[in-house]
Amino acid sequence: MATTTLEPRAAAYRRSWVIDWLTTVDHKKIGILYITNSFLFFFAAGILALVIRSELAVPGLQFVDQNTYNQAFTMHGTIMLFLFIIPALSGFANYIVPLQLGAPDMAFPRINALSFWLLPIGGLLIFSGYLFGGAAAEGWTGYAPLTQQGGVGTDLWIIGLTLVGTASILGAVNFIATIFKMRAPGMTLFRMPIFVWTVLVTAVLILLATPVLAAGLIALFIDRNYGGSFFDPSVGGNPVLWQHIFWFFGHPEVYIVILPAMGVVSEVLPVFSRKPLFGYRAFVFATIAIGLLSFSVWAHHMFTTGAVFLPFFSFMTALIAIPTGIKMFNWLATLWRGKLMLTTPMLFALGFLSMFLIGGISGVMLASPPIDFHLQDTYFVVAHLHYVFFGGSVFGVFAATYYWFPKMFGRKLNEPLGKVHFWIHFIGFNLAFFPMHQLGLSGMPRRVSDYGADTGWTILNFASTIGAFMIAVSIIPFLINVVATFINGEPAGDDPWEGNTLEWATTSPPPPYNFDTLPPIHSERPLFFLTHGHGHAAERPSDLEESAEDDVERREGPV
Amino acid sequence: MTARTAAQPAGEHGPPAAIEHGGSGMPTALLGMLLFIASEVMFFGGLFATYFNARASVPAGTWGPPEGAHELDIALAGVLTAILLASSFTMQFGVWAIRRGDIGKMRMWTGITLVLGVLFLMGQLYDYSELGFGIADGVFGTTFYTLTGFHGAHVFGGAVGLTVILARAMRGQFSRRNHVAVEAVSMYWHFVDVVWIAVFSTIYLLR
């Protein structure tokens, strides 16, 4: 327990950049590590998606055998969710949340580093099943008793997921402590940017849902390795218990994946509409409502087990459409009569709006038990979850990438290349996943490696495969863009988009301590009021009692 | 390691108030510990759910150790409960001592707490060796060993925490004003105690 003191000459201390990145506790570097790691796993899981779609392009087994296919869709789902979408959004949150709060770093910088480094270790453990006789092959949901048949790959999957879950929990503790303890003077809760609010609610969901998955994974590990019988009905266990535990985590997980992406979109839309977000407080309360409801809907994944009370879970699930609808209204009203600027981040945010809407509508359809009984485990569900996860969250990740890249690296990504990326991506996405609705309605089950030529599913499957390869192709202009921007990108300046929030008040990239000076914070758009003027000339101490007064003044405007 | 070092860069360049970790109210480290405990509550909630689910699925009257094995040793478990409960009090005496700035008393009470914790763990291992059934002997054995075992692992974690603050206390690192680690470890230790009360009541008293 050494007690270090900072020497005056510490700034002159030099070390190689490798050691610097491996040992960093700076939230900005850790954020970049998160995002880079996430994109590497995204490419790996994307290749697995191409394996799946190639096999399904036409009837018959052409490329892989059934066991390899099962491993491919299991790894694809697990890696995309746990090692791409969640950590990518966590990475942006890591980079942006302290900046938006006007803080010098996260509350626990070294725990922050630990949370990150558990991720690549967990991810590699999950993948290492391929070296030991095959990866996990039970689907990302790992249903018992199917998991009982898996090999070493399944154990590695359990251990890896437990590590990744631990990383998430530590990260959630860090985010909540940061948001409650590290806000700059004047940054009251109701002046926090919407992205921070969504990260806060997400962190609470992670904190309360992920440990339950950890308990379930440990029970599964005990069943598989020490002769336990949690999920073995022959000696009193219950396989449906796994589904309860998994989905008690798994449904909040859906909001863990989507809420930060909603936050990104809520940052991007106002900036490129040249308007404040419509209904800030309604949006905050809608976010909290989604978080609360998410703990009472898990059994809608289990309607067909016959073990759950259908009316309750159907009703609660349909209720979620209300706060989500409020948000959709907020976003549309923000766009309404705005001075729209169709930059690449804006295009991805608009893509989010339209694609997530489709995913939301198919979600409400599935909340109805009579429809769900017909569509359970068909490609309709695959279409639904991809419209939410890919059309929603991944579009959010790309919106965040194009929006915050200039802040992170001081250079703007090339706009024409970004637009090429967006349009191939958008068209490819719809070509890949829209036909799956029809495939599901006509009965094609998910998680099969083959289908009969007489089923009539060939054309739609072939179209879907072309779409999947279009998505892969769309990544090429993105990668070229990133490399070209690093070599010779247009310098961004501190505030290339004329943003509203504090991250644009410092240099690009920010110094290690983030801010030389902070502008006065009297609203959720401190930077807008700094550059465009507002009713407050003098900086004033701020606390909760004064915030209401401030709000009144703000509405009245300059006198 | 000290808060001063961590905040130094911002202290030189940033607005002064922004570097006070939290300003008023609960110290940030304690908030972090409370949040971590919240996640632990959910973890044990998951394990308890498996217990009650199994308890509800077996035919009436058959819940318990498998035939041929010993009944649960409720007397030994009662003694262990008393030891762990007592250790929560000794822990709190240690916290009160350091709040007065009495580091000698704090060392003594923390040491006693650590001894009681280790006694509890040894008693639990002795209990395991005497029971005559294992984790693979039916769903009662599985849930019994998982619940008590994971609680024991948390007691072990708490004992590691106690050892760390005891070692730091020996080096004189705590004072009346600076002892947030002691508060955090004591919070965790009380939590582990509360979990044991729930485990003991569920497994031994309610059956």
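User: What covers the buried residues of H10(A)?

Analyst: This is a predicted model. H10 of chain A runs over residues 321–335, and its buried residues are Pro323(A), Thr324(A), Lys327(A), Asn330(A), Trp331(A) and Thr334(A). The cover over these buried residues includes helix H7 (239–273), helix H8 (280–293) and helix H11 (344–366) of chain A.

User: Within what arc do the buried residues of H10(A) fall, seen down the helix axis?

Analyst: An α-helix has 3.6 residues a turn, so residues three or four places apart point the same way. The buried set of H10(A) includes Pro323(A), Lys327(A), Asn330(A) and Thr334(A). Seen down the axis, the buried residues line one face of H10(A), because they fall within an arc of 110°.

User: Which exposed residues does the face of H10(A) turned away from its buried side carry?

Analyst: The buried side of H10(A) includes Trp331(A). The face turned away from that side carries two exposed residues, Ile322(A) and Leu332(A).

User: How far does H10(A) reach from its first C-alpha to its last?

Analyst: H10(A) has 15 residues, and at 1.5 Å a residue the expected reach is 21 Å. The helix is followed by Arg337(A), with a positive phi near 60°. From first C-alpha to last, H10(A) comes close to the expected value, at 21 Å.

User: How far apart are the end C-alpha atoms of H4(A)?

Analyst: H4(A) covers residues 109–127 of chain A. Its 19 residues should span 27 Å at 1.5 Å a residue.

User: Against which helices do the buried residues of H4(A) pack?

Analyst: The buried residues of H4(A) include Phe116(A), Leu118(A), Leu119(A), Ile126(A) and Phe127(A). Gly122(A) and Gly123(A) are also among them. The helices they pack against in chain A are H2 (27–56), H3 and H5.

User: Is Asp105(A) buried or exposed?

Analyst: Asp105(A) is found in the loop between helix H3 (66–101) and H4 of chain A. Leaving aside neighbours within four places in sequence, Asp105(A) is in contact with Asp26(A), His27(A) and Pro98(A). A residue counts as buried at 20 or more other C-beta atoms within 10 Å. Asp105(A) has 23 such atoms, so the class is buried.

User: Is Arg274(A) buried or exposed?

Analyst: Arg274(A) sits in the loop between H7 and H8 of chain A. Its phi is positive, about 60°, although it is not a glycine. Arg274(A) has 12, so the class is exposed.

User: How many C-beta neighbours inside 10 Å does Glu498(A) have?

Analyst: Glu498(A) is placed in the loop between S2 and H16 of chain A. It is not a glycine, yet its phi is positive, about 55°. Glu498(A) counts as partly exposed, and the number of C-beta neighbours inside 10 Å is 14.

User: Which residue does a cis peptide bond join to Ala144(A)?

Analyst: The omega of this bond is about 0°.

User: What is the omega of the peptide bond from Ser508(A) to Pro509(A)?

Analyst: Pro509(A) lies in the loop between strand S2 (490–491) and helix H16 (526–532) of chain A. The bond from Ser508(A) to Pro509(A) is cis, with omega near -10°.

User: How many residues of domain 1 of chain A are in contact with domain 2 of chain A?

Analyst: The domain assignment gives domain 1 as 19–518 and domain 2 as 519–559. Their C-alpha centres lie 35 Å apart. The side of domain 1 that touches domain 2 divides into 12 nonpolar, 6 polar and 1 charged residues. On the domain 2 side 13 residues take part, and on the domain 1 side the number is 19.

User: What is the radius of gyration of chain A?

Analyst: Chain A has 17 helices and 2 strands. For 559 residues the globule rule gives 24 Å. Chain A is close to that value, so it is as compact as a globular protein of that length, with a radius of gyration of 24 Å.

Terms used:
Residues numbered from 1 in each chain as written. Chains lettered and ligands numbered in written order. Predicted model: local features only at pLDDT ≥ 70, side-chain atom pairs only at ≥ 80, totals over all residues. Domains from an automatic or database assignment. Contact = placed C-beta atoms within 7 Å. Nonpolar A, V, L, I, M, F, W, Y, C, P; charged D, E, K, R; others polar. Helix = DSSP H or I, 4+ residues; strand = E, 2+ residues; numbered from the N terminus. Expected span 1.5 Å × (residues − 1). Arc of directions from axis to C-beta. Rg over C-alpha atoms; globule rule 2.2 N^0.38 Å.
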